[in-house]
Amino acid sequence: MSRYFTQDHEWVDVDGDIGTVGISEYAQSQLGDVVFVDVPEAGKTLSKGDEAAVVESVKAASDVYSPVSGTVNEGNAALTDDSSLVNSDAEAAGWFFKLTLSDPSELDSLMDEAAYAAFVEGL
Amino acid sequence: MSINQSGWRPTSPEANTGNVPASVTGNKALMLEEALIFEIGDAHSTGVDFAAPSPPRGEGRGEGKPSNAAPGTAPHPTLSPKGRGLSRLGNLSRTAPIGLPGLSEPETVRHYTRLSRQNYGIDLGFFPLGSCTMKHNPRLNEKMARLPGFSDVHPLQPVDTVQGALEVIHQLAHWLVTLTGMTSVAMSPKAGAHGELCGILAIRAALEAKGEGARKIILVPESAHGTNPATAAFAGYSVEDIPATAEGRVDTAALKARLGPDVAGVMITNPNTCGLFERDMREISDAVHAAGGFVYCDGANFNAIVGRVRPGDLGIDAMHINLHKTFSTPHGGGGPGSGPVVFSEALTPYAPLPFVENQDGQFVLVEEETAGEHHAGSFGRMVAFHGQMGMFTRALTYILSHGADGLRQVSEDAVLNANYILRSLDDTLDAPFGPSGPCMHEALFSDSGLAAGFSTIDIAKGLIDEGFHPMTMYFPLVVHGAMLVEPTETESKAALDQFIAALRSVAERAKAGDPSLKTAPHFAPRARLDETLAARKPVLVWKDPAPLAQAAE
């Protein structure tokens with residue numbers, strides 16, 4: 001399984017043609033306490049870069065963009081009850097949604113973990 | 001001698017040992033704790049006593065039935081069976097108490113008086129919000145606005161009966177056009193962002209009239225107000241950012257490079273949100289015009305340049321003026337604001353309706369019925385009536401009482417005060433654009449140099465303990481942990497010196513990592529609020545805890 005990052009601070013874990021999407025540890029640290037998360041419903045078709053979810057902190061409401069194109073399999077229902085999972089475990093239990101990738105070649109344009117770390121370092 | 005043996009023997013106060021127990025009531029002498037009205041009120045008290053419902057109007061007198069009821073039909077449904085009076089509520093009448101708390105009149109007066117003492121406003125102290133211009137509101141304005149001839153008129157009165165009110169609008173319009181060096185003004189927009197929309201709609205109308213409605217891009221520099229891109233998007237345009245230079249001004253080269261046949265215009269805030277004057281404004285305007293676009297200027301900060309700079313000379317096509325900032329009445333006095341928009345010659349034909357015109361000594365309102373004769377290009381109407389009459393009266397009072405020379409001094413003093421704060425504190429706080437030259441009417445600092453874990457919000461909360469409303473925090477976005485301080489011209493040097501001393505002290509504590517600052521404010525009626533909990537588990541409605549208590553018994 002490999003993990004990719006976008007410049008907009010989403011991550012996607014890819015296992016076969018299934019991707020799991022969330023926001024990065026750096027992103028949650030910048031948002032502050034997350035108070036609300038709106039995840040997409042199963043069956044929704046997303047293109048790379050589409051607004052897929054909304055994450056709201058005390059500071060601001062932010063759109064989360066889909067790092068790849070595909071069809072949503074499920075949103076993380078746990079976030080509805082406990083949005084603080086995004087703060088406590090952004091890159092694992094705080095995932096936003098899973099989708100079936102329609103064009104795995106899009107992954108080529110994303111960053112790997114090392115490249116993203118360097119990207120964040122430069123911010 | 002005779003001795004008054006009351007037991008009172010006046011002495012000097014003893015030294016305070018510091019071990020003072022908390023009061024039983026929670027009150028701190030003159031600062032009184034006050035519970036919610038739901039917690040102190042009950043269903044049995046009232047300050048107003050109504051007479052019981054009118055006496056029975058029984059069936060015996062035949063008043064209960066509608067006179068037009070056909071013989072043999074059922075009694076009128078709102079007539080109670082025993083004929084205890086006629087209700088006109090039908091099935092809308094209440095079936096259960098609605099739980100509103102009741103208080104006697106003196107209890108009610110005390111409740112709201114106590115709450116009002118927890119408030120903070122410009123009549124109480126210094127209010128240095130950046131970009132909000134919380135200047136003193138002269139009482140003369142209020143006196144004039146309350147004259148019956150201004151306050152008691154109705155917008156649908158015949159114009160012959162409100163010539164004085166229309167003359168106020170006309171005279172204020174003349175001042176605004178003169179002060180800005182523009183051609184015309186739309187007085188009706190109700191506030192700054194409404195004015196922005198007015199300006200952008202006029203630009204759109206002008207482009208469509210030229211057959212250039214395909215221009216769909218509005219360029220907005222990073223140093224603009226946040227409402228600018230929102231306005232452009234609301235009017236159907238795509239927004240593209242233009243970066244700022246290292247000194248906090250528009251990157252003119254980047255802006256010029258982006259101009260083209262798809263650009264409808266630019267929206268520039270001048271002076272900008274970094275508190276700096278955009279020196280390249282004329283060059284930018286010329287370039288935008290050469291590319292076929294229009295220039296919108298956010299004039300919310302006009303108070304820094306009024307009487308010194310005429311936006312018309314800078315090539316601006318439309319600009320809103322916040323009457324409720326530049327000409328006192330901060331935040332609309334808690335009521336409506338007012339955002340008239342001045343237009344260049346190019347945009348004047350598209351200005352909205354209605355407007356006041358002087359025709360042979362008579363003030364008339366040009367509206368849809370009469371606009372066709374000489375203002376057919378108008379993009380339409382933004383409000384039902386003429387705009388905020390109360391604000392017009394206050395603004396014109398302010399202008400006339402200051403005069404042209406006074407207005408010029410207003411902007412000079414506003415800029416002087418801001419620079420005094422900037423240069424007094426730039427040895428303590430980081431002033432990212434300090435080297436860019438004098439600021440305009442607001443001083444900008446960053447959170448650079450604070451101890452780890454400390455942020456702008458800690459300084460803001462510390463200022464509350466010092467008795468000040470905090471400055472604008474975390475805006476503009478181009479500066480990390482921004483603190484935007486706008487002193488306005490109405491503060492004295494003594495007031496500024498006290499604020500500077502307070503901000504320096506709080507900033508030094510933040511730089512030294514004083515842990516007590518993380519829990520500030522300590523002296524306010526409420527300590528630091530848990531905004532996260534409030535957002536995650538908001539309590540929006542007061543619920544009577546009594547049922548719970550009963551269940552426990």
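Mentor: Let us begin with B:Asp360, which sits in the loop between S8 and strand S9 (362-366) of chain B. Helices (H or I, at least four residues) and strands (E, at least two) are runs assigned by DSSP and numbered from the N terminus. The model is a predicted one, in which local features need pLDDT of at least 70, side-chain atom pairs count only at pLDDT 80 or more, and totals for chains, interfaces and linings use all residues. Residues are numbered from 1 along each chain as its sequence is written, while chains are lettered from A and ligands numbered from 1 in the order in which they are written.

Trainee: Why does B:Asp360 count as exposed?

Mentor: A residue is buried if 20 or more other C-beta atoms, placed from the backbone, lie within 10 Å of its own, exposed if 12 or fewer, and partly exposed in between. B:Asp360 has 5 C-beta neighbours inside 10 Å, and is therefore exposed. Its phi is positive, about 55 degrees, although B:Asp360 is not a glycine.

Trainee: Where is A:His9 found, and is A:His9 buried or exposed?

Mentor: A:His9 belongs to the loop between S1 and S2 of chain A. There are 24 other C-beta atoms within 10 Å, so A:His9 is buried. S1(A) and S2(A) form a hairpin with 4 residues between them.

Trainee: How do you know that S1(A) and S2(A) pair?

Mentor: Two strands pair if DSSP finds at least two bridges between them. Strand S1 (residues 2-5) and strand S2 (residues 10-15) of chain A are joined by 4 bridges and run antiparallel, so they meet that definition.

Trainee: What makes S1 and strand S5 (45-46) of chain A edge strands?

Mentor: The open sheet of chain A has 6 strands in the order S1-S2-S3-S9-S8-S5, with antiparallel pairing. S1 and S5 each pair on one side only.

Trainee: Which feature is placed at A:Lys59?

Mentor: UniProt, in an unreviewed entry, lists "modified residue: N6-lipoyllysine" at A:Lys59; its positions are given in the numbering used here, feature names are shortened, and annotations may be inferred rather than shown by experiment. A:Lys59 lies in the loop between strand S6 (51-57) and strand S7 (61-65) of chain A. The unreviewed entry also places "domain: Lipoyl-binding" at residues 18-100 of chain A.

Trainee: What does A:Lys59 touch?

Mentor: Not counting residues up to four places away in sequence, A:Lys59 touches A:Leu31 and A:Gly32; two residues are in contact if their C-beta atoms, placed from the backbone, lie within 7 Å.

Trainee: How do you know that the buried residues of H7(B) line one face?

Mentor: In helix H7 (residues 227-234) of chain B, the buried residues are B:Thr227, B:Asn228, B:Thr231 and B:Ala232. Seen down the axis, they fall within an arc of 135 degrees, so they line one face of the helix; the arc is that of the directions from the helix axis to the C-beta atoms. They pack against several elements of chain B, including helix H6 (192-209) and strand S4 (263-269).

Trainee: Where in chain B are the peptide bonds cis?

Mentor: One cis bond joins B:Asn270 and B:Pro271, with omega about -5 degrees. B:Pro271 is in the loop between S4 and helix H9 (281-290) of chain B. The bond from B:Leu353 to B:Pro354 is also cis, with omega near -10 degrees. Most peptide bonds are trans.

Trainee: Which domains does chain B have?

Mentor: The assignment gives domain 1 (141-399) and domain 2 (404-525), and such bounds come from an automatic or database domain assignment. In chain B, 19 residues of domain 1 are in contact with 18 residues of domain 2.
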